[in-house]
Every structure is written in C-alpha cells, then in structure tokens.
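Colleague: Please show me the structure, and then let us go through it by question and answer.

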Amino acid sequence: QVQFVESGGGLVQPGGSLRLSCAASGSIFSIYAMGWYRQAPGKQRELVAHITSGGSTNYADSVKGRFTISRHNAENTVYLQMNSLKPEDTAVYYCNAGALGSPPLGSWGQGTQVTVSS
C-alpha cells in the first residue's frame with residue numbers, strides 16, 4: 001500500500017504562510033487523486049484541499065482563496081501552499097489518496113503540526 005510522509009509544518013503568526021509537502025512511496029503516485037486533511041484537538045478530521053491525477057482542484061470553503069494544492073508527479077510529491085493563516089487553521093495536517101467523496105486509500109501517517117498563534 002502507498003505510504004505518505006508529511007513535512008513543512010511549524011509555528012507561524014496569523015497572516016503568515018507555510019508550504020507543506022507530502023512524499024509518496026510504495027506505489028505509482030501519478031494515478032492517485034490526493035487530498036490534504038487536517039484535524040484540530042477535539043474536532044473531526046476534515047478535507048481541506050483535493051487534487052485529481054489530472055490536476056483538477058477543490059477546496060473547503062474555509063480555506064478557499066488562501067490555500068493552494070499542487071502536485072509534481074515525477075517527484076511523487078503533493079504540496080499545500082497556505083497563505084493568510086488564521087488561528088483556526090491550527091491542526092495536524094495529513095495527506096492521503098482517494099477520490100472526492102470516497103474513503104482515503106492509504107493509512108494515516110503522523111502528519112505535520114501547523115500552529116498559528118501570535
């Protein structure tokens with residue numbers, strides 16, 4: 001089964017930016033639709049950005065206009081550029097494979113912590 005390793009999180013002030021990376025291994029990356037998810041303490045995990053194998057994107061309303069998902073298939077990598085960060089963006093961010101409306105195909109990794117605080 002394909003595995004994912006997230007990186008790029010950290011502590012940032014409100015209004016700041018971060019770029020998250022997700023590296024895939026163990027399978028053919030280019031055939032998978034990919035999503036970025038996040039989970040804050042005490043809250044449900046939610047899908048925030050999604051990209052198909054062909055590059056079509058979708059975003060949760062809460063991040064639309066601020067976050068951009070992209071992929072580099074030759075590098076087996078998907079990115080999440082996060083701008084204008086807000087405290088409510090604080091969460092552990094995960095990547096996984098799967099179509100919109102379907103359960104993720106891979107196992108959940110450790111994710112990467114994003115903390116937005118002044």
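Modeller: A salt bridge here is a side-chain nitrogen of Lys or Arg within 4 Å of a carboxyl oxygen of Asp or Glu. This is a predicted model, where local features need pLDDT of at least 70, side-chain atom pairs count only at pLDDT 80 or more, and totals for chains, interfaces and linings use all residues. Residues are numbered from 1 along each chain as its sequence is written, and side-chain values use heavy atoms, with hydrogens and water left out.

Colleague: Which residues are linked in a network of salt bridges?

Modeller: Arg38 pairs with Glu46, their closest N and O atoms lying 2.8 Å apart. Arg66 and Asp89 also meet through their side chains, at 2.8 Å from N to O. The network links Arg38, Glu46, Arg66 and Asp89.

Colleague: Is Asp89 buried or exposed?

Modeller: Buried means under 20% relative accessible area, exposed over 50%, and partly exposed in between (1.4 Å probe, protein chains only). Asp89 has 0% relative accessibility, so Asp89 counts as buried.

Colleague: What is the relative accessible area of Arg66?

Modeller: Arg66 forms its salt bridge with Asp89. Arg66 is buried, with a relative accessible area of 10%.

Colleague: How many salt bridges does the structure hold?

Modeller: One of them joins Lys64 and Asp61, at 3.3 Å from N to O. Lys64 and Asp61 are both exposed. The number of salt bridges in the structure is four.
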